[in-house]
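Let's walk through this structure together, step by step. Have the sequence and the 3D view ready as you read.

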Amino acid sequence: MRNFFKNRFFVVVIHLLLMASVFTLAQALPFNGSNEISDNSLLTTELEQLKKQVLSLNRELFILEEDLLFPASTQLAVFVSVNIGHFFILDSVELKINGNDVAGFLYTNKQRKSLEQGGIQRLYQGNLKSGEHQLTAIFTGLDTEHRAVKRAVNYNFVKEDDAVMIELKVEDNSSKYQAEVLVEQWVL
Amino acid sequence: MKPCYVYNLFLNKTIIKHYSLRLSVVFVCVFFYLITLLSVNQSIANEFGELDTQKYPQTKIKKNLQDKYYRQALFFYFQNQPSLALQQLSYNKTRFNTIDNDAVLFEAGLQISLGLPQQAQQTLVHIIEQYQKTKIDIKESIKSSDSFNIENLNQQDLLVIALLQLAEQKIDHGDIVQTEQALAKIKHLPKGYYTQYYTLKQLVSWPEKPELVITDMMSSNSDIEREYSPYIMLNQALWLIQQQEYEQAFELLSFLKSHHIEEKQKGFWRSLFSYSTNAYDVIDSNSLQHKDNTPTSTSIDSLVENRALNDYARLLLAQMYVVQGRYSAAYQELEVFPEDSPHSEQALFLFAYSALKTKNYQEAQSMFTLLAQSFPYSNFTWQANGLLAYSYIEQNKMKQALVQYIAIEAEYKKGLSDLTNFQQLFSQQINLLQFSNVAAQISQHNEQTNAFSLSSNQLYIPKSPWLKKALSDVELSALYQQLLELDFLTKQLSQQQQKNDWLGEALILNKKRKNKIINTQQIKVHLTMVEHLKSMNMQLKQKLQLSTSLENGEVFANENERKWLARINNSKKNIDTIKLHQNTTKYNKRLKRIKGVLAWQLKMQLPARQWQHNKQLDELEQLLQYSMLRVDQVNTLLTENDSLLALEQRQLKITQEVGQLLESINQLRIKTNKNIKLKIESFISLQQEQLQRHILVTHRTMAKLIEDINKNKNKEKIQQAHNEKIQDGL
């Protein structure tokens with residue numbers, strides 16, 4: 001009898017120990033997703049941090065490129081904007097500096113609408129030595145009757161030590177029922 | 001004169017007589033020297049002569065540069081390039097140290113759309129704090145260009161938009177308390193934002209009914225908006241169903257199932273913060289039709305939204321009927337449910353179940369079969385299989401039911417074996433995105449990727465049906481999307497590294513070029529030349545001063561006059577020679593007269609010529625000073641290393657950062673892979689468990705069925721035996 005109970009007791013103790021270990025193991029390896037959820041949100045946060053750093057890196061690289069290739073002392077940038085765009089449906093633009101072709105752009109529908117919605121496009125960025133220069137821009141497009149029309153402008157400017165930023169504005173002139181190109185040099 | 005005489009004149013000081021010739025030679029030398037110098041240093045201000053600015057009228061108008069740069073960001077945004085737009089805003093912040101409030105709000109919208117919700121939150125909180133600090137005047141309008149086609153909202157409206165977006169962000173993260181706080185700060189609602197506000201209120205208050213605190217609504221517009229907002233009504237219906245107030249829910253859902261959502265033109269700010277798949281197609285956000293009358297994406301989106309809403313309302317209605325036991329009503333409701341709806345799986349199951357319950361066995365069976373064919377791995381299909389077999393039992397077709405159960409059991413076992421294969425293959429996979437021969441990686445948005453894109457525009461769609469089923473879990477789908485993003489970021493960083501390397505090479509070339517110029521000692525040569533020319537100029541000035549003081553016109557004589565003077569001297573010599581032999585009085589008189597005339601001519605022209613030479617010397621002096629300045633500048637540029645060094649350091653720093661980022665991405669990829677594998681394991685376990693449960697239920701049902709069949713057989717046998725006995729007895 002004594003041996004019987006001893007054995008039984010021993011068996012019960014082992015079972016209890018086994019259960020305890022299983023319980024502990026279960027705690028260590030949770031089956032539900034509660035820890036996974038917090039892990040996932042940490043991963044999302046980490047990914048976002050990475051994206052933020054990539055954005056910052058892209059910005060630094062962009063600025064470095066600009067400073068190296070287009071220093072302010074020689075930089076010339078030309079921009080295009082459209083005000084309304086009812087009388088002139090922009091199709092393309094050619095840009096010349098001192099008679100030399102430097103840039104050309106063909107506009108898609110989306111790009112043209114972006115301009116009409118208020119966007120400003122950087123058409124050209126380059127280097128120019130100090131002194132007097134002449135800029136010529138020729139805009140090609142369609143008028144309200146869908147006839148091919150060209151609008152051109154000449155602009156003389158002086159390049160000094162600061163960067164030169166020139167905006168070519170295609171603006172509707174309601175009194176003449178046509179578009180005209182105005183030039184605005186930004187003051188930095 | 002021989003040509004070389006000019007050179008001798010230039011160098012030999014002792015034979016300098018012809019002042020003006022020397023001056024002109026110096027002038028020419030300086031001119032050619034300048035051209036040489038200008039080619040060495042390009043950053044030279046033009047100080048030559050007096051610049052007449054009146055000659056070149058310039059429209060230099062003082063404008064808000066920030067506005068110009070902001071509009072550059074808009075140009076990218078309107079072309080579905082939010083990454084470039086955000087890049088431009090980031091650049092603007094660096095260049096100007098700050099950006100306007102409307103640009104900040106724009107930035108928040110872009111951050112949300114590019115998967116930077118925390119950044120967006122910080123930006124929105126910043127805007128809100130800014131607005132609350134400054135005194136908000138309702139009449140004050142934001143700065144905007146006249147050519148903008150953007151709705152002009154006042155600052156208070158922008159604050160409300162920011163608060164609403166912040167509330168959406170918070171609720172997406174399950175942060176109810178902060179959502180409530182954000183909504184509590186809203187004291188007034190601009191037109192068109194009531195639905196968003198009230199829907200958020202409903203979500204926050206769930207399962208309670210929300211209390212509206214704002215009373216300052218825009219009168220009739222808000223009433224109309226409130227009354228007919230479908231999402232508000234849908235949430236109300238769900239709440240009523242939960243409260244078991246089925247009658248009122250029925251009314252709302254009956255209205256919603258046939259309600260047509262009005263196509264609304266989204267303003268700029270609504271489109272920016274919109275989560276729709278075509279959110280970026282903002283060009284068409286203000287138009288519902290193209291010029292050729294084809295519907296725009298906004299219009300198509302609206303149709304899809306409308307259909308989805310109608311279908312969902314119909315499905316809810318059917319579910320309500322089923323809960324109430326009104327199976328025929330549910331059957332009728334789902335009879336006209338569209339096949340291509342996103343809810344078709346549930347609707348098909350419910351329809352088949354309703355058919356079964358209303359004893360349309362044939363229809364139920366064909367619907368269950370269709371469900372199994374269309375969605376073979378769906379949980380609904382597994383249940384439907386059981387119900388299909390059960391339908392035979394209901395019709396007392398035991399044998400057919402048994403056959404069906406055997407077939408179902410085989411299906412379940414096949415499913416288990418498929419799962420095991422899938423598990424083995426998946427666990428061995430290293431690159432999870434390459435698993436199962438990806439069916440497609442479709443472009444989710446219209447944005448074309450470029451060097452500055454931050455998000456991949458692709459979706460992961462595997463061929464494996466188990467993986468497809470697993471991806472219905474939002475978290476797993478997000479993890480896979482994260483893997484795609486990480487791959488994409490790696491590619492972007494590689495491109496940026498290449499660009500950075502190229503810039504590094506450009507810097508090296510610049511340094512070499514600079515060193516080459518230094519080594520050729522050109523600057524020293526230029527310096528010596530300038531000094532030499534300066535001293536010559538000084539000497540010429542002194543001589544001019546001397547001749548001015550002596551009023552000696554002969555030094556300014558031109559060529560003809562010099563010839564005459566020479567002839568006079570020769571004649572004088574000749575006269576002196578023949579003086580001893582002849583009377584030279586007449587000759588002397590004549591000579592004296594000629595000399596006097598010439599002297600008088602020279603004297604008359606002396607002041608003008610003096611002034612001219614003075615002026616030229618002054619100009620020369622200016623030119624030389626200018627040249628000296630240039631030489632100093634070039635010298636400074638060549639000797640100073642700061643600018644190139646600074647650029648080099650920045651380039652190296654970027655290289656390091658790229659390396660660190662790539663490493664971080666790799667670490668994150670490992671963690672993401674691990675999480676995906678854990679999730680898939682968990683999914684597989686769940687599926688196995690479900691299949692095993694189904695097999696168990698099937699076995700039990702089959703056992704009972706066999707028992708019943710045997711019982712029936714025994715009964716038939718007993719009956720037959722009994723009948724035989726009776727016949728024998730007769």
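Start with a pair of side chains: A:Lys51 and B:Glu485 come together in a salt bridge, with 3.0 Å from N to O. Keep in mind as you look that this is a predicted model. Between chain B and chain A, the count of salt bridges is 8. Polar contacts across this interface link 17 residue pairs, both residues at pLDDT 80 or more.

Which parts of chain B supply the side that touches chain A? At least two residues each come from strand E1 (60-61) and from the helices H3 (65-77), H4 (82-96), H6 (117-133), H21 (474-519) and H25 (642-729) of chain B. H25(B) gives the largest share of that side, with 18 residues. Sorted by class, the side of chain B that touches chain A holds 35 nonpolar, 27 polar and 16 charged residues.

Now step back to the whole contact. Chain B brings 78 residues to it and chain A brings 65 residues. Together the two chains bury about 7,000 Å², and 61% of that area lies on carbon and sulfur atoms.

Finally, take a look at chain B on its own. Its secondary structure consists of 25 helices and 1 strand. How many of the 730 residues of chain B count as buried? The share is 44%. Chain B exposes about 41,000 Å², with 53% of this supplied by carbon and sulfur atoms. Now consider contacts within chain B between residues at least 6 apart in sequence: 69% of them join residues at least 24 apart.

Notes:
Residues numbered from 1 in each chain as written. Chains lettered and ligands numbered in written order. Predicted model: local features only at pLDDT ≥ 70, side-chain atom pairs only at ≥ 80, totals over all residues. Heavy atoms only, no water. Contact = heavy atoms within 4.5 Å. Buried area = accessible area lost by both parts, 1.4 Å probe. Salt bridge = Lys/Arg side-chain N within 4 Å of Asp/Glu carboxyl O. Polar contact = N/O pair within 3.5 Å; in protein donor to acceptor, adjacent residues only side chain to side chain. Helix = DSSP H or I, 4+ residues; strand = E, 2+ residues; numbered from the N terminus. Nonpolar A, V, L, I, M, F, W, Y, C, P; charged D, E, K, R; others polar. Buried < 20%, exposed > 50% of the residue type's maximum accessible area, 1.4 Å probe, protein only. Areas by Shrake-Rupley, 256 points an atom, 1.4 Å probe, with all protein chains shown as cover.
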